[in-house]
Amino acid sequence: MFNNINIDSLDGIKKIIAQKCDQNGDGILQDNGDLQEVSIFNKTCETIEGSTFIYNGQAYNADGTENYAREVPREIKMPEFKMFEKPKNLTAKDSVRTSYNWSPEWLNNSIEQMTTAPRYKGKYKNSVLRGKAQAFIDSGKKWNVDPRIILGIAMAESARGTKTRGKNSVGGSKINFNSVEESIDSIAKTINTNCEKNRTTINSIALPYTSSKTAAPTWIKNVSSYINQATKYYEPPK
């Protein structure tokens, strides 16, 4: 449930900012699905200080009236507005390659829900994967791999980020890494290496992560479950 905002209910400089945030021109700031107008509006309003402002080359007072005295105002800069979309569901037979414009904030919401939901009773609250969305996205872009797949493998191989076989290792290896981010990148690199060998699905990359063909189905089921959770919770934090 998102709190949409009617622009006409706002006063002063906030109304001017809201008009800029209203990307589809309907007079309502939305924060659902593809639009994150409300969150951009709130982030911009957090930067407001002082009594006069420059916005789009025009000086304004805090109440939204034009400032003709041209005092030395503070310029309001809008955060970059991006249109994010919820990714389609993935199956174990789908390609690991995607081209989504991923939001770190939205993916972090997935990770938070997957590690701190009340039903887990704090079991995963110390997960080293919390707050690492940017690392999953960066490695995904670097190696052309869906970040959810990297996350799914990390979740499966490290008990949701609570157990590691090597230092900072969340990919199941006994290798020591300098950071969790480095381990995440190693997972993505391994997936990409498999893709170059024409193993481009969850099903086909299972064996490098399991010891036998009999263990592969369970691995695929676990990773797919985490991917589905990441998709389900991928949205602006409430």
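**Reading a helix pair in a predicted fold**

Author: Read along the sequence, this chain runs β-α-β-α-β-β-β-α-α-α-α-α. Please keep in mind that the model is predicted.

Reader: Thanks! How many helices and strands does the secondary structure of the chain come to?

Author: Seven helices and five strands.

Reader: And what share of the residues counts as buried?

Author: Of the chain's 238 residues, 46% are buried. The chain exposes about 12,700 Å², and carbon and sulfur atoms supply 46% of that area.

Reader: Now to helix packing. At what angle do α3 and α7 pack, and how far apart are their axes?

Author: Happy to take that one. Helix α3 covers residues 104-116 and helix α7 covers residues 216-233; they pack at about 125°, with axes 8 Å apart.

Reader: Why are α3 and α7 called oblique to each other?

Author: Start with the general idea: angles over 145 degrees count as roughly antiparallel, and 65 to 115 as roughly perpendicular, with oblique kept for the rest once the roughly parallel ones are set aside. The angle here is about 125°, so α3 and α7 are oblique to each other.

Reader: Is their crossing left-handed or right-handed?

Author: The crossing of α3 and α7 is right-handed.

Reader: Which residues meet there?

Author: From α3 come Trp106, Asn109, Ser110, Gln113 and Met114, and they meet Tyr226, Gln229, Ala230 and Tyr233 of α7.

Methods
Residues are numbered from 1 along each chain as its sequence is written. This is a predicted model: local features need pLDDT of at least 70, side-chain atom pairs count only at pLDDT 80 or more; totals for chains, interfaces and linings use all residues. Side-chain values use heavy atoms; hydrogens and water are left out. Axes are lines fitted to C-alpha atoms, for helices over the stretch in contact, and angles run from 0 to 180 degrees between N-to-C directions. Helices (H or I, at least four residues) and strands (E, at least two) are DSSP runs, numbered from the N terminus. Angles under 35 degrees count as roughly parallel, over 145 as roughly antiparallel, 65 to 115 as roughly perpendicular and the rest as oblique. A crossing is left-handed if the near helix is turned anticlockwise from the far one by less than a right angle, and right-handed if clockwise. Contact means heavy atoms within 4.5 Å. Buried means under 20% relative accessible area, exposed over 50%, partly exposed in between (1.4 Å probe, protein chains only). Accessible areas come from the Shrake-Rupley method with a 1.4 Å probe; for residues, only the protein chains shown count as cover.
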